[in-house]
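User: I'd like to learn how to read a structure like this one, feature by feature. Can you walk me through it?

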Amino acid sequence: MASTVSSNKNSDEYREYIDAQNVRDDKIKQLAKLIQKHSGKVIFFTGAGISTGAGIPDFRSGVNSATGLPAGKWAQEATQSQWSEEEMKEEMKRRKKTTSTLQAIPTASHMSLVALEQAGIVMGLISQNCDGLHRRSGFHPNKLAELHGNSNLEYCAWCGKEYLRDFSASRGRHTQGRELKQKHWAKHKKLDLINPRKGNHYTGRRCVAEGCDGYLFDSTIDFGDNLPMVHINRGYKLAEEAELCIVLGSRCSVSPACDMPISVGANGRKLVVVNLQGTGADSYACLRIGAKIDDVMVPLMKELGIDIPTFKLKRQILVSRNRNQQEDTDIIHVRGLEVDGTPVDVLWNVQVNLSGSQSELLDNVPFLAKAKLTQDVAPGSKYAKNIPLPGDAAAIRTWPWSNQTDPGKVEVVMLNGNAKKRLYTMPADFCEVQDGPVAFESKDVSVINAGQNHGSSLTHVLRLPTNVPTDSRVLTLMFRAHYGELPVQIPIPDTEEEIGYNLAYEPMERVWEVNPCEIPAENRKKSSTFVGRLLYRK
């Protein structure tokens, strides 16, 4: 919030203290020795500064910051009226370097933390960030305390069930969520809910866990909100057990989060701060490094002799087949899973082509999927005409991975409503591909789509005739393509045993690696009987 920073653009709080190269090199060697000495008892505490290297602006950096990005959101709101014309032009230029959180790639610093945790050096990570990059980087979620939530994570305030999305889970609070608050909050606030935060976080979706029909809330934390107890308790526990805490890119000025790293230094243990600006933890630190985060973490890893892994977008996909003898059909279930067993909504659509080469089909035949616009589409005003609305039907004309200008967006032709027959470009997130067959006689093409989520495991379900030709017994997995992910194919199982696949995608190469994997017993499907329940209900 702008009220939490100075309204004077020349205030000392915006000053950046950058160490000379030789000074920084010496401090990095000191830090490496501290990490080696306290290996296994090291924690990191991260703020927005670690993600500026990914193109995500922070909140408190002033104009002309060394980050190379625009002034932080709150600093901009507080000081913009004082900017000169030259500063305004520079800020506009810098805005072109920014990236959305969904398309941002975890930095070398994010990946360094993954490597340090996997090497057994780091015991855990406390983060104030809600951009989702730590979880996306592959840092184990059970060792991660996301104090301010995750913009991709929503949960049921009734039963606690979590749902990890491949889209912004918090977008719905600005659309249907407002309507739900007006309609239900007076009654819901009397219930014993899990961190409901004054009813400001309804996403519009409902819980599909067995026996529950609760409303989902996004997990991001606003000023004045209570922090999630699981994560705040995990954070305090990490701070209590750490011998060394390293702050990366945080001003350490927001309580109670900042109490965690400060408590380490205040109690005589080692605290190191890496930040451009001064922080509330500086007086408790045994070492302070003034630099951008990547400029410290990359040489630090070299000093430690540990390679920084290349980021790969990792997905675990589980597939099973059940034969319905009476209907003479195969029922195919496809779902995504996080390493901690959390169902994850990573698939935009699953498709089977009953009539030929899938690659040729994807490239040459339009309108291969029909979609319904989700509740995240802004409902518009009563004065707006000819605009798509939630629930309207559309035909997909251009796939999200084919959009070179704006990856993740699709071209659709509206099939009904006020915008019927009009062409629109919109995020794939806004289009829920509808289940069922689509046929095109003019091109002798027939496909079956499964874009809808069913049940608490967020499963995609296809019903196939048992006589599908061998060369068509392939599933094409389609993604929302925030990184331009191309579709990938896996075989339909020959048996009824659930089969797992580890998928790894390199954004720069646009290449998938696909490997079969073992499924832990606790993550296997409990029953071959499937009862479908859709996610969006009023």
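Analyst: Let's begin with burial: a residue is buried when its relative accessible area is under 20%, exposed when over 50%, and partly exposed in between (1.4 Å probe, protein chains only). Helices (H or I, at least four residues) and strands (E, at least two) are DSSP runs, numbered from the N terminus. In strand β4 (residues 153-156), Leu153 and Tyr155 point one way while Glu154 and Cys156 point the other way, and all are buried. Keep in mind that this is a predicted model, where local features need pLDDT of at least 70 and side-chain atom pairs count only at pLDDT 80 or more, while totals for chains, interfaces and linings use all residues. Residues are numbered from 1 along each chain as its sequence is written, and side-chain values use heavy atoms, with hydrogens and water left out.

User: Which strands pair with β4, and in what direction do they run?

Analyst: In general, strands of a sheet pair through backbone hydrogen bonds, either parallel or antiparallel. Here, two strands pair if DSSP finds at least two bridges between them. Strand β4 is joined to β5 by three bridges and to β7 by three bridges, running antiparallel to β5 and antiparallel to β7. Glutamate 154 sits opposite tyrosine 163 in β5 and opposite aspartate 218 in β7. The hairpin of β4 and β5 has five residues between the strands, and glycine 160 there takes a positive phi near 90°.

User: How many strands form the open sheet, and in what order?

Analyst: Five, in the order β6-β7-β4-β5-β13, with mixed pairing. The edges are β6 (202-206) and β13 (344-345); each has a single partner strand, so one side of each is left without a neighbour in the sheet. Helix α6 (residues 176-188) packs on the sheet, touching β6 and β7 (215-218), and its direction makes about 85° with that of β6. Contact means heavy atoms within 4.5 Å. For the angle, axes are lines fitted to C-alpha atoms, for helices over the stretch in contact, and angles run from 0 to 180 degrees between N-to-C directions. On the β13 side, two bridges join β5 (residues 162-165) to β13, and these strands run parallel. Arginine 165 stands opposite aspartate 345 in β13.

User: How do I read aromatic pairs?

Analyst: A pair of aromatic rings is described by the distance of the centres and the angle of the planes. The rule: rings of Phe, Tyr and Trp (its six-membered ring) pair if their centres lie within 6.5 Å; planes under 30 degrees apart count as stacked, over 60 as edge-to-face and the rest as tilted. A search of the whole structure gives 13 aromatic pairs. Take tryptophan 74 and phenylalanine 223: their ring centres are 5.5 Å apart with planes at 55°, so the pair is tilted. Tryptophan 74 lies in helix α2 (residues 73-79) and phenylalanine 223 in the loop between β7 and α7 (229-241), so the pair ties together parts that are 149 residues apart in sequence. Tryptophan 74 is buried at 14% relative accessible area, whereas phenylalanine 223 is partly exposed at 42%.

Then there's tyrosine 202 with tyrosine 215, an edge-to-face pair, 5.9 Å centre to centre and 90° between the planes. Tyrosine 202 is in strand β6 and tyrosine 215 in strand β7, 13 residues apart. Tyrosine 202 is buried at 1%, and tyrosine 215 is buried at 8%.

User: What about nonpolar cores?

Analyst: In soluble globular proteins, nonpolar side chains tend to be buried together. A nonpolar core here is a set of buried Ala, Val, Leu, Ile, Met, Phe, Trp, Tyr and Cys residues joined through side-chain atoms within 4.5 Å. The largest one has 31 residues, and Leu31, Phe44, Leu113, Leu116, Ile246 and Leu248 touch the most other members. Helix α9 gives the most to this core, with six residues. Leaving aside neighbours within four places in sequence, leucine 31 is in contact with Ile246, Val272, Leu287, Ile289, Val296 and Leu300. A second, separate core of 30 residues includes Ile317, Ile332, Val334 and Val346.

User: How many disulfides are there?

Analyst: A disulfide is a covalent bond between the sulfur atoms of two cysteines. With the cut-off of sulfur atoms within 2.5 Å, the count is zero. For cysteine 130, the nearest cysteine sulfur is that of cysteine 252, 17 Å away. The sulfur of cysteine 245 is 7.9 Å from its closest cysteine sulfur, in cysteine 252, which is too far for a bond.
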